[in-house]
Amino acid sequence: MANRKRPKVFITRKLPDPVETRMRELFDAHLNIEDRPLTQPELVAAMRESDVLVPTVTDRIDAAIIEQAGENLKLIANFGNGVDNIDIDAAAKRGITVTNTPNVLSEDTADMTMALILAVPRRLTEGAQILTADDGSWQGWSPTWMLGHRIWGKRLGIVGMGRIGTAVARRAKAFGLSIHYHNRRRVSQQTEDQLEATYWDSLDQMLARVDIVSVNCPSTPATFHLLSARRIALMKPGAYIVNTARGGIIDEAALIQALKDGAIAGAGLDVFEHEPAVDPKLIKLAESGRVVLLPHMSSATVEGRIDMGEKVIINIRAFVDGHRPPDRVLPGRN
């Protein structure tokens, strides 16, 4: 592909106009104007016809699909940081390079994580719904009306202290939360000192001691159901869970049961285990004010999506020019 000036690039979903325009200028780009998820046969056809595939989190590119890719497909340039939708090892066996878009969504995701950390204990969604219900239920301010819980002075336990987890910690510290974290590797002493963070090598011990749990680790086979029924049972009855990472990191059925039983106080979820399906039990809990649900929008900013597109373009151009893409994802990462 190094000698080919305009590779055929297939983009599986609608991207921001500036990104699509630039791709059409640089490549023989096929766009998904309808912005609908491709069917499996359509995805296979795209992989047979293209030199480069630009998928998103809605595209499941497993070993069976990769096996059907055409000989010209040499690059899967994922539009997203997480690559749990792609079988990296199967791609490597076929000689297909995989790239992602790291380091551009950390601040946006951390913003939304902090919003959920505030929204659940302070009952923000419930309050907003009361005013829009138009049923006359709000009679004005009262000393005991819509009482929530303060977050200042509480302990926040961050599961996964990478870029996003660290960005969450910076925000949370400014709100007066005490920072605790569990990570595969301990962060630098300088970072710990700046955040006044307490490291726990045991996730179980941390979960039993914090008031709010923020899930910010990547989705890998090792983190599937990391917050299992057993671990959720370790949490305080007054504790909250916030998840802006991936739904499968939490055992959703166990979380629902814990919320129904009052074993924990509430949850704020931007991701779901069987996305795009949302368990009706979660929706019912949201209607009762126990849960705040968002439609996977923690990274949804115009700036973030354009930055992601620019990363994709840089990776494609580097690969086409015969260089190693800057954001290559190596096999065996999980």
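Where is proline 276 found? Proline 276 lies in the loop between strand S11 (266–269) and helix H12 (280–287). Helices (H or I, at least four residues) and strands (E, at least two) are DSSP runs, numbered from the N terminus. A cis peptide bond, with omega at about 10 degrees, joins glutamate 275 to proline 276.

This is a predicted model, in which local features need pLDDT of at least 70 and side-chain atom pairs count only at pLDDT 80 or more, while totals for chains, interfaces and linings use all residues. Residues are numbered from 1 along each chain as its sequence is written, and side-chain values use heavy atoms, with hydrogens and water left out.

Consider helix H5 (residues 106–122). At 1.5 Å a residue, the 17 residues of H5 should span 24 Å, and its end C-alpha atoms are 24 Å apart, so the two values agree. The expected span of a helix is 1.5 Å times one less than its number of residues. Of the 17 residues of H5, 12 are buried, so the helix is mostly covered. Here buried means under 20% relative accessible area, exposed means over 50%, and partly exposed is in between (1.4 Å probe, protein chains only). Among the buried residues of H5 are Ser106, Met112, Leu116 and Val120.

Asparagine 103 is in the loop between strand S5 (97–99) and H5, and its phi is near 70 degrees, a positive value in a residue other than glycine. Asparagine 103 is partly exposed, with a relative accessible area of 44%. Just after H5, arginine 123 takes a positive phi of about 60 degrees.

The next topic is charge. Side chains of opposite charge can pair when their charged atoms come close. A salt bridge is a side-chain nitrogen of Lys or Arg within 4 Å of a carboxyl oxygen of Asp or Glu. By this rule the model has 18 salt bridges. One of them joins arginine 170 and glutamate 107, at 2.9 Å from N to O. This pair links distant parts of the chain, since arginine 170 is in helix H7 (residues 163–174) and glutamate 107 is in H5, 63 residues apart. Arginine 170 is partly exposed at 41% relative accessibility, and glutamate 107 is partly exposed at 37%. Both belong to a network of salt bridges that links Glu107, Asp111, Arg170 and Arg171.

Another salt bridge is between aspartate 211 and lysine 236, at 3.0 Å from N to O. Aspartate 211 lies in the loop between helix H9 (203–207) and strand S9 (212–215), and lysine 236 in the loop between helix H10 (229–232) and strand S10 (240–243), so the pair ties together parts that are 25 residues apart in sequence. Glutamate 42 is partly exposed at 29% relative accessibility, as is arginine 36 at 33%.

Now turn to the nonpolar side chains. The largest nonpolar core has 31 residues, and those with the most contacts inside it are Val213, Val215, Leu227, Ile232, Ile241, Leu255 and Ile264. A nonpolar core is a set of buried Ala, Val, Leu, Ile, Met, Phe, Trp, Tyr and Cys residues joined through side-chain atoms within 4.5 Å. The elements that give two or more residues to this core are H9, S9, helix H11 (252–261), S11 and H12. H11 provides the largest share, five residues.

Leaving aside its neighbours within four places in sequence, isoleucine 232 is in contact (heavy atoms within 4.5 Å) with residues including Leu227, Ile241, Asp251 and Leu255. A second, separate core of 25 residues includes Val120, Leu156, Leu177 and Leu294. Val120 is also one of the buried residues of H5.

Some nonpolar side chains are on the surface instead. Leu131, Trp138 and Trp145 form a nonpolar patch there, with about 340 Å² of accessible area together. Patches are made of residues with over 30% relative accessible area and no salt bridge, where like charges are joined within 9 Å and nonpolar side chains (Val, Leu, Ile, Met, Phe, Trp, Tyr) within 5 Å. Accessible areas come from the Shrake-Rupley method with a 1.4 Å probe, and for residues only the protein chains shown count as cover. Tryptophan 145 is in the loop between helix H6 (124–132) and strand S6 (155–159), and is partly exposed at 37% relative accessible area. Methionine 146 lies in the loop between H6 and S6, and its phi is near 55 degrees, a positive value in a residue other than glycine.
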